[in-house]
Amino acid sequence: MNRQTTASTCCYCGVGCGVLIEHDGERIFGVSGDPAHPANFGKLCSKGSTLHLTGDLAARALYPELRLGKNLARSRTDWDTALEHAANVFAETIAEHGPDSVAFYISGQLLTEDYYAFNKLARALVGTNNIDSNSRLCMSSAVVGYKRSLGADAPPCSYEDLELSDCVMIVGSNMAYAHPVLFRRLEEAKSRRPQMKVIVIDPRRTDTCDLADLHLAILPGTDVALFHGILHLLLWEDWIDREFIKAHTEGLAELKSLVRDYTPQMVSQLCGISVEQLQQCAEWVGTSPSFLSLWCMGLNQSTAGSAKNSALINLHLATGQIGRPGAGPFSLTGQPNAMGGRETGSLSNLLPGHRDAANPEHRAEVAAYWGVDRLPENTGLSAIELFEQVRNGKIKALWIACTNPAQSMPDQHSVRAALEACPFVVLQEAFRTTETAAFADLLLPAASWGEKEGSVTNSERRISHVRKAILPPGEARPDWAITVDFAQRLEKRLRPAESSLFKFDQPWQLFDEFIELTRGRDLDMSGISHALLDQIGPQQWPFPTGARQGTVRLYEDGVFPTANGRAQFIAEPYRAAKEQRDARFPLTLITGRLRDQWHGMSRTGTAAQLFGHVSEAVLSLHPDELRRQRLQPGDLVNLKSRRGAVIVAVGSDDGVRPGQAFLPMHWGDRFLKGGVNSLTLSAFDPLSKQPELKHSGVRLEPVNLPWQLFALIEGDVQRHFETLRPLCEAFSYVSLSLVGRERSALLIRAASSEAPNPQLLGAIDQCLSLIDGPVLAYDDPRRAIGKRVRIENGRITAIRLAGETLAQHWLQSLWLEGRADEQLRRWLLAPMSAPPGSVGGQVAVDKTLCNCRNVSFNAVCAGIRQGLDLQGLKNNLGCGTQCGSCVPEIKRLLAAELQPVAVI
Ligand SMILES: Nc1nc2c(c(=O)[nH]1)N[C@H]1C(S)=C(S)[C@@H](COP(=O)(O)OP(=O)(O)OC[C@H]3O[C@@H](n4cnc5c(=O)[nH]c(N)nc54)[C@H](O)[C@@H]3O)O[C@H]1N2
Ligand SMILES: Nc1nc2c(c(=O)[nH]1)N[C@H]1C(S)=C(S)[C@@H](COP(=O)(O)OP(=O)(O)OC[C@H]3O[C@@H](n4cnc5c(=O)[nH]c(N)nc54)[C@H](O)[C@@H]3O)O[C@H]1N2
Ligand code: SF4
Ligand SMILES: [Mo]
């Protein structure tokens with residue numbers, strides 16, 4: 001075996017860590033952090049370090065699949081047939097209904113080269129601006145904030161600023177989960193310089209708060225009021241930089257008269273914090289030698305997202321805290337290449353090289369470079385609008401790549417109706433298991449992490465060369481190659497007489513063509529090439545021709561890329577979130593991320609290990625809220641919003657304030673029937689058009705679902721998932737997950753108001769291999785109760801409890817321990833349903849706290865009870881010694897000296 005190592009990047013978050021992929025050209029065996037990569041210097045988080053365990057081949061799309069009618073199933077086809085068919089449909093649709101009758105919905109997880117190909121295809125060849133990306137759900141408020149306040153969509157800071165800052169404000173970001181390696185860097189900096197102040201602004205007390213000197217648990221959506229309140233105090237106390245304001249900004253007068261009204265009393269009331277907290281925050285912002293802010297979806301995903309971004313940047317302009325080491329407004333990008341998407345102009349309103357589609361000069365420049373007469377003038381559709389137009393029939397052919405809108409877009413009812421109604425849906429996907437795949441007329445298998453080459457830009461403007469380690473499986477192809485192949489076929493139909501716009505055989509050719517469009521612009525990367533990155537490593541733009549190194553910090557000279565070189569104060573009043581708590585919907589639902597899962601879980605959801613930390617969908621509520629609602633952890637509720645309802649189990653979390661509820665964004669319809677986004681709303685910010693995924697009005701209704709099902713089957717989890725999930729559709733509550741580590745199993749919990757028909761249960765048993773063979777069964781048809789367990793070689797391999805599931809956690813532990821003893825046999829053959837030795841109560845299942853070293857929650861709690869401190873726990877148990885992702889939680893347990901209440 002020819003073992004090799006290829007340096008590439010992690011395909012998850014915008015930190016953009018370098019990884020070393022260990023492989024033999026065909027299979028990937030391991031990953032480690034690349035010590036030479038300046039984003040992570042060798043570190044990886046729990047997601048990055050388990051990359052090689054994810055992406056089960058059984059879940060991958062391996063060959064093109066086509067269906068020729070909505071009621072038909074897709075069948076395997078070849079690339080030629082697939083792309084000829086697509087080119088015909090697109091050409092006919094464009095001929096009949098015009099270029100704006102087709103649309104492209106793409107992704108911040110594509111590489112820059114993929115983006116560029118798509119953008120040229122849509123604007124130059126098809127002649128439509130209907131090309132938008134999931135960055136609309138993610139970064140578009142930050143784009144607006146930077147552009148209107150500073151003149152260009154350019155995060156001015158570098159990661160090293162986290163280490164250099166005296167005051168770091170983390171707002172609307174759970175960095176400990178979502179940007180862990182960067183958080184590690186901040187933790188280390190703070191431990192070296194404890195006088196560094198860390199402020200966290202988040203309605204919830206997250207693991208990120210572990211590092212905070214001050215946590216402001218503001219009420220959801222009130223950030224603008226808070227920032228104006230801080231500015232009010234900065235002005236009052238004269239904690240501002242008059243020279244900077246005079247020399248480099250404009251618009252303070254108007255803002256001053258606006259924030260005059262944001263008195264500490266009013267702001268403390270609006271935000272639900274104390275005046276003292278507000279004052280402390282303003283003092284640190286105003287008097288620290290350097291002030292850095294870091295933010296993410298808590299600001300962007302809001303109907304006031306643009307206002308939140310600009311109101312935060314106002315604070316930096318007022319204090320002159322920008323363009324200096326340790327200072328500046330630093331937007332953390334979510335996806336690995338959201339930045340590349342912004343650079344290549346892959347939102348409907350943008351064009352390559354930080355240009356605007358609405359600007360005639362910009363259009364003319366790009367058209368001339370591409371050698372086409374003109375670029376389209378019609379305003380392109382943003383994600384929410386785009387799916388609306390699909391639903392009402394205006395868009396007749398939709399091309400989706402590298403995103404899963406049937407999981408991640410808000411108001412799923414409308415999105416799924418749109419996908420259903422669309423005459424032709426193409427999906428370019430690496431995994432065939434996603435919610436959106438069910439709607440695809442044409443599924444095109446895409447190469448994924450480790451299998452494709454190109455470039456990405458991380459949060460600090462740093463471009464890395466993404467290298468390929470192995471060949472894609474089956475017939476999967478890299479995204480740029482699929483797009484270019486399709487474009488070449490389409491141009492034969494749309495402009496047969498002209499020379500090709502798509503003469504690309506290699507990703508570097510796309511890169512080289514693209515970077516010319518950045519020449520002379522704020523993001524000038526004309527001096528970079530794939531080859532140069534290989535020589536000198538990842539580089540930060542701007543990097544113009546002739547440069548020898550990238551640019552660490554922007555605006556050091558105080559000159560901004562606005563018409564007059566001055567940064568703009570933006571005066572916009574606070575506006576509340578769209579859905580306020582009211583009598584009908586008394587709770588605000590916040591959605592966000594878990595530590596070990598990625599979005600719709602097409603990749604992370606294939607590795608049982610990544611379910612160890614949080615195993616299933618649980619709605620977190622404050623203990624008082626649970627009491628008020630007369631609920632116990634583990635109870636099922638019907639969670640309702642104005643758009644939909646989902647039945648889900650509740651859990652207790654005193655990090656969530658009463659009046660609020662938290663549900664992770666990851667659970668789509670595959671894992672939790674209905675999926676989280678059937679609840680969320682599509683209302684969006686007027687400028688950025690980014691939807692308010694963070695705040696929806698909800699209520700809890702009791703459910704009466706006495707008939708319950710619990711099933712577990714080990715082995716080929718993907719196959720079991722595929723056969724069993726559709727059968728579960730009959731139940732009101734369905735939650736799936738994976739369990740285990742070395743051996744993994746699919747786990748199903750379901751419930752309904754009455755017992756299903758025996759055929760359905762029979763079909764489920766069939767899939768669980770519980771019909772014949774070494775199966776122990778006890779059935780009580782009168783009580784509609786039944787239990788079945790398959791025992792092979794002395795080990796449990798499948799379980800099904802129906803009717804009552806009191807023994808589910810006990811059985812799950814037996815499976816995990818590989819035990820199938822006499823006690824189990826006796827219990828199985830007796831009419832009782834509760835586990836032996838219990839008085840009807842449930843045996844709790846432990847969770848994994850440290851994924852790298854497989855250390856459980858209970859083990860850590862036991863260690864704490866023995867008096868171990870963090871170092872002691874690390875030495876004795878090994879937890880937190882590798883990637884460090886669990887350290888904030890361990891510290892929190894230590895701080896709380898939490899009683900070891902096991903988590904169900
Ligand atoms: N583990 C993991 N990491 C990821 C991802 C993932 O799926 N999993 N996805 C990546 C992507 S694409 C993104 S965009 C980032 C997202 O990264 P983050 O934005 O950090 O993650 P979220 O959990 O979505 O939201 C952050 C916090 O915003 C808070 N919040 C909600 N409403 C408000 C509000 O009104 N004001 C304030 N100040 N805060 C509020 C929430 O309580 C939450 O803790 O993560 C990236 N990293
Ligand atoms: N309620 C709620 N909803 C949210 C959010 C929230 O906070 N709350 N956050 C929003 C945000 S910030 C984001 S970024 C979105 C993310 O939402 P999505 O974009 O839907 O997230 P993913 O599941 O990462 O989708 C990427 C898809 O690309 C596939 N894929 C992976 N690699 C490749 C490849 O190389 N090529 C191709 N063609 N496909 C590939 C994966 O299998 C996956 O299905 O979700 C948004 N939705
Ligand atoms: S922080 Fe984690 S998920 Fe993000 S790029 Fe680094 S290893 Fe990947
Ligand atoms: Mo995102």
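Between the centres of domain 1 and domain 4, taken over C-alpha atoms, there is a separation of 42 Å, in what is a predicted model. These belong to a division of the chain into the domains listed below, where domain 1 and domain 3 are each written as two segments.

| Domain | Residues |
|---|---|
| domain 1 | 65-138 + 337-505 |
| domain 2 | 140-331 |
| domain 3 | 587-674 + 687-702 |
| domain 4 | 707-828 |
| domain 5 | 848-896 |

At least two lining residues come from each of α5 (175-178), α12 (297-300) and β23 (587-592), and β23 supplies the largest share, three residues. Sorted by class, the lining of this cavity has 14 nonpolar, 13 polar and seven charged residues.

Ser-464 is found in strand β20, which covers residues 462-466. Is Ser-464 buried or exposed? Its relative accessibility is 3%, and buried means under 20%, so Ser-464 counts as buried. The side chain of Ser-464 makes a polar contact, at 2.8 Å, with the side chain of His-37. When neighbours within four places in sequence are left aside, the residues in contact with Ser-464 include His-37, Thr-9, Leu-533 and Pro-538.

Technical notes: Residues are numbered from 1 along each chain as its sequence is written. Chains are lettered from A and ligands numbered from 1 in the order in which they are written. This is a predicted model: local features need pLDDT of at least 70, side-chain atom pairs count only at pLDDT 80 or more; totals for chains, interfaces and linings use all residues. Side-chain values use heavy atoms; hydrogens and water are left out. Domain bounds come from an automatic or database domain assignment. Helices (H or I, at least four residues) and strands (E, at least two) are DSSP runs, numbered from the N terminus. Ala, Val, Leu, Ile, Met, Phe, Trp, Tyr, Cys and Pro count as nonpolar, Asp, Glu, Lys and Arg as charged, and the others, Gly among them, as polar. Buried means under 20% relative accessible area, exposed over 50%, partly exposed in between (1.4 Å probe, protein chains only). A polar contact is a pair of N or O atoms within 3.5 Å; within protein, one must be able to donate a hydrogen and the other to accept it, and residues adjacent in sequence count only if both atoms are side-chain atoms. Contact means heavy atoms within 4.5 Å.
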